[in-house]
Amino acid sequence: ETEAVRTATGDPRVSIEARYGNADGYISAIEAAARALIKDRLMLEEDLERAITLAQNWGAPRHDVRL
């Protein structure tokens, strides 16, 4: 998510923080992408709010990886 996490884990990808500046920038990008998908009929309008809600929790773990 952040440059600090990227550096600590050795992840070669650009961090979300570096790409979008902050959480609001990330949420705006997700919303714009979702609206484009809806316009192209590749995503349902009813899924827009879910995509935005997930984007608002961008730093939350997505999976439970405990054994």
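Select R41. This residue sits in the loop between α3 and α4 (48-56). The model is predicted, so treat each stop as a computed value. Check the backbone at R41: phi is near 65°, a positive value in a residue other than glycine. Now show the surface. Is R41 buried or exposed? R41 counts as exposed, because its relative accessibility is 76% and the cut-off for exposed is over 50%.

Select residues 23-39. Colour by pLDDT. Among the elements of the protein chain, helix α3 has the highest mean, 96. The protein chain as a whole averages a pLDDT of 89, and 93% of the residues score at least 70.

Next, go to α1 and pick T7. T7 is found in this helix. T7 is exposed, because its relative accessible area is 56%, over the 50% cut-off. How far apart are T7 and N57 in space, C-alpha to C-alpha? The distance is 22 Å, and 50 residues separate T7 and N57 in sequence.

The largest pocket has a volume of about 260 Å³. Select E1, D11, R13, V14 and I16: of the 13 residues that line this pocket, these are the closest to its centre. Which elements give two or more residues to the lining? They are α1 (3-9) and α2 (16-20). Colour the lining by class. Five residues are nonpolar, three are polar and five are charged.

Now zoom out and switch to cartoon. The protein chain has four helices and zero strands. From the N terminus on, the elements run α-α-α-α.

Show the C-alpha trace and orient the view along the principal axes. The trace spans about 40 × 35 × 20 Å. The radius of gyration of the protein chain is 14 Å. A compact globule of 67 residues would have a value near 11 Å.

Finish with burial and contacts. Colour the chain by relative accessible area. Of the 67 residues, 15% count as buried. Then draw contacts between residues at least 6 apart in sequence. Of these, 27% join residues at least 24 apart.

Notes
Residues numbered from 1 in each chain as written. Predicted model: local features only at pLDDT ≥ 70, side-chain atom pairs only at ≥ 80, totals over all residues. Heavy atoms only, no water. 1 Å grid on protein atoms, 1.4 Å probe; cavity = no way out; pocket = protein on both sides within 12 Å on 5 of 7 lines; lining within 4 Å. Points joined across faces, edges and corners; volume = space filled by probe spheres on them. Nonpolar A, V, L, I, M, F, W, Y, C, P; charged D, E, K, R; others polar. pLDDT = per-residue confidence, 0-100. Rg over C-alpha atoms; globule rule 2.2 N^0.38 Å. Buried < 20%, exposed > 50% of the residue type's maximum accessible area, 1.4 Å probe, protein only. Contact = heavy atoms within 4.5 Å.
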